[in-house]
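Good morning, colleagues. Please look at the sequence and the structure on the screen before I take you through a sheet and a pocket.

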Amino acid sequence: MNLRYKVAIAASALLAAGGLAPVAAARAEQVPSDLYVNGGDCFQVGDGTVAHPFCGIQEAADVAIPGQTVHIESGFEYGSVVISRSGSAGDPINFAATDPRSDLAILSRLTFAGVHDVRFSGFNVEYAFGDGIDVNGSSEISVDTSTTDHVGTSTAVGAGIHVDGSSSNVSITRTQVVSSTGPGLRVDAGAAQVAAASDWLRVNAGGDVVANGASGLALTGNTFYTTPCATSVSLTGGTSATVENNAAKATAAALSTCSAPPLVSVSSDSAGSVTADYNAWSVPAPRFDYAWGGTDYTTGAQLAAAVPGQAAHDLDVPPADITMTPAEGSPLIDSGNSDAPGATSTDYYGNPPADDPQVPNTGAGTGIMDRGAVEREDTLSLEPVYSPATASGPAPLTFSVTPKVGDSWGDALTTTVDFGDGGGPQAVTGGQISHVYTTPGTYRLVTTTADVNGYAAKTYQGVKVATPSAPAITLSATSLTSVGATTMVAPDLAAFSVASGANAWELASAELYPGDGTKTQAAFNTETDWTYSHPGTYNAKIVTTDVLGRTSTASTTITVGDEFWAKTPMRVYDSRSTGLDSVPAHGTVRLSLKQLTDDASGADAAGLSVTVTDTKASGFLTVFPDGTSRPTGSTLNYTRGQTVANGLLAAAGKDGVIDFYNGSGGPIDLLVDTYGFEAGLVPGAGGGIGPTYSPVGPVRVLDTRDGTGAPKSLVRGGGSVVLTVGGNNGVPSNATAVVLNVAITDTKAAGHLTAYGDGVANPGTSNSNWVAGQTVSNLVVVPVTDGKVVLSNASSGSADFVADLVGYYHVYGTAAVIVPTQPTRLLDTRYGTGTAGHIAKLGAHQSLTLHLAGANGVPVTGAVAAELNLTVTDGTQPGFITAYPGGTSLPNASSLNFATGQTVANAAVTSIGSDGSIVLYNGSGAPVDLIVDMNGFYAASS
């Protein structure tokens, strides 16, 4: 996990800017480590360190101790926070958001509950009801550079900031208060030494400040925007206060719903302990400046004349003069009292008081403090010219800065440049400064121009010093993806990553060529996902361009595939419904993938069990994608009068249609059952990510002849075997489907096999067909219910069942995906195909090895199983074929069973050995010809 960390503003600077004494710099004890909170990159079990930050502010508040600063990443919502732990004198607990103005950390309520010595800065409290910030029974509390903002439409709203009567020494500085109903600041009876300075209050109703019975209240240097019916400042109940350096503007509007209120109201029991001076008011008639001790005064001058010592330096100004930043020439400039109680050393934006040479100094103290929350500063211009203009080049790089500076006041300016490589700010003399970067890296150059008041303008420039040659890169790819905390394989999706080691910072852009004829922009700090239209193995390439325009190239190979969704078998086509012999000799039935998969959206292929019956001549059936050349291989073979079934994963043509070709001289009937579908990223279920395949064995899991997996007993006609597969032989208990090769032997009457999940109704489909005395086998994919499958004997006579497990499917897995290939003949002993031209039958009890990896579209590494169709012919004795992974011993399993002289085909999903091969064993007492066709392979995740 990549953690984002920004250095927080120093707590001492914030406190000094807020008019409070900074924390003592020198202490005998060791300062505890700071805490960190990050609402984006965090740990649910974080310890509050930089590497493992807390996710929420409350977690830090519950453990913070005196002297700690809690650094909080801005730009995230953190919920309500209750502060219940105190700092100590000289060692407050500081909560500081990383960006106190442009990207505030958001809270829904902030409560100081009986604490002392706590500082909070850089937050936006968005409250819907009640108070935004509550200070309850607390002292030595500071809220700085923050915002309280009433959101929503609730009328049950208190104050933006509420200080209760048991609190004291509370400072609210450089903070914005926005409220639509309740007052901006409410101070209760008993509260002492509360200061609101350099704040901006915008309240629609309820007033900006309401204090009743408070002592030592200081309202200094604030800007108030007041609605027509609201009193901006209301002081009652014997409140003692100073009201100085404030600027307020009352909205001019019709007063049809209220009486004209004063801007400032001081009750009779408070008038003797309140001082007002150096304020600037803009009040449209019929409203007036003061209601003082029961008497109304239209202007400050009237109050000054009537009550000595009050409002002597107040100004009544036009509305245009009351703005957040005074316009040049405004009477608010340099006319405030810098010695007013609670006056801050910097204004709302953090700028110092400035002496405007174009305005006479008429204020008290230094005489240069403005009225309101914001100081008028010099208009500084700073436009550096850089050489080289691209601010980049190979090391060593000589870099020059020519500052172009100006100001509206004609002050003497000081300009410095910090080149960002540890040398600190350097004064610019002679109009230009140069520096040599010797070490490759990225640097943040800061040019600063400051006037005599300390007000400064800054510009920032990134400088990239590159290595002598373009950085070497690597491209990696994975088929794994993460959804929440779960890692899985998404079908046909690859995630690409480009790396350049320590020189990654040099890379400016990257283009990814996934290998499918397209290209896209690639990211550097995260994976770039790409979804392919079709499964396959792709050669991907990345081309990067560095900061100097130099390119680098890297490549990799990735195999992506589809995933298989097993379902309860369902008959989707039966030609007998249109009459016997409905598929003519050499005729073709065309069925849509939509029909075969029951309208499964996004399906690329269908898992089918196909059966031919009512055969009038010997022949074969070939299933292949419509619109392609019919392959030479066959899906199943039959003789006249025979009923034969086989399973396969059938791919559709570009038109979404699959062809079923009758390769005989006589008509047949065709039955098609579906048991699932292969799909890419948008199937009809599961949200796009389906089961992956894991090969097993093969291993025998059922043999009713000897009691393996079920009682030793023939399966009666109409009976079934419930086979527990989950939790055995490596199959997880929550597997979605298993792949079995099921052989039926010792058959007493004709019948067929139906395989389905336990607990569901028998679907009445067929997986294999037999006549009395025949041994048949077929590959079946069976959905698993509660770890169990059912094998049903749809016959009037009994039979023995034998099943070999070859694999299983697991939803949201990390195993293998399906990669279809063009039907490819790997082996035909009749013609020497796959045997280096050697024409000979596979001998009795002999084995033949086929190397698959690196041939016929199978990747050199990563293929774990092959989707095959095995055909045996020209055998003079009955027997079986066992297909198993190379490099392993012959298992007690069979993949295909045959009788004397029979040509028979059967599907097989065969595990590929670690050496990239499979082995085919002839379990007959006589030689046979063997044909192997491949329709696809299973690729492991990478």
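Thr-111 stands opposite Asp-134 in strand 9; strands here are DSSP runs of E, at least two residues long, numbered from the N terminus. This is a predicted model, in which local features need pLDDT of at least 70 and side-chain atom pairs count only at pLDDT 80 or more, while totals for chains, interfaces and linings use all residues. Residues are numbered from 1 along each chain as its sequence is written, and side-chain values use heavy atoms, with hydrogens and water left out.

Strand 6, residues 109–113, pairs with strand 9, residues 133–136, in the parallel sense over 4 bridges; pairing requires at least two bridges found by DSSP. The open sheet has 10 strands in the order 3-6-9-12-15-18-21-24-27-28, and its pairing is mixed. At its edges are strand 3 (80–83) and strand 28 (295–297), each of which pairs on one side only.

I turn now to the largest pocket. It holds about 1,000 Å³ of space, the volume being that filled by probe spheres set on grid points joined across faces, edges and corners. A pocket is an open set of points on a 1 Å grid over the protein atoms alone, where a 1.4 Å probe fits, with protein on both sides within 12 Å along at least five of seven lines; lining residues have an atom within 4 Å of a point. Of its 46 lining residues, the closest to the centre are Pro-625, Ala-651, Ala-652, Pro-820 and Thr-821. Strand 65 gives the largest share of the lining, 7 residues.
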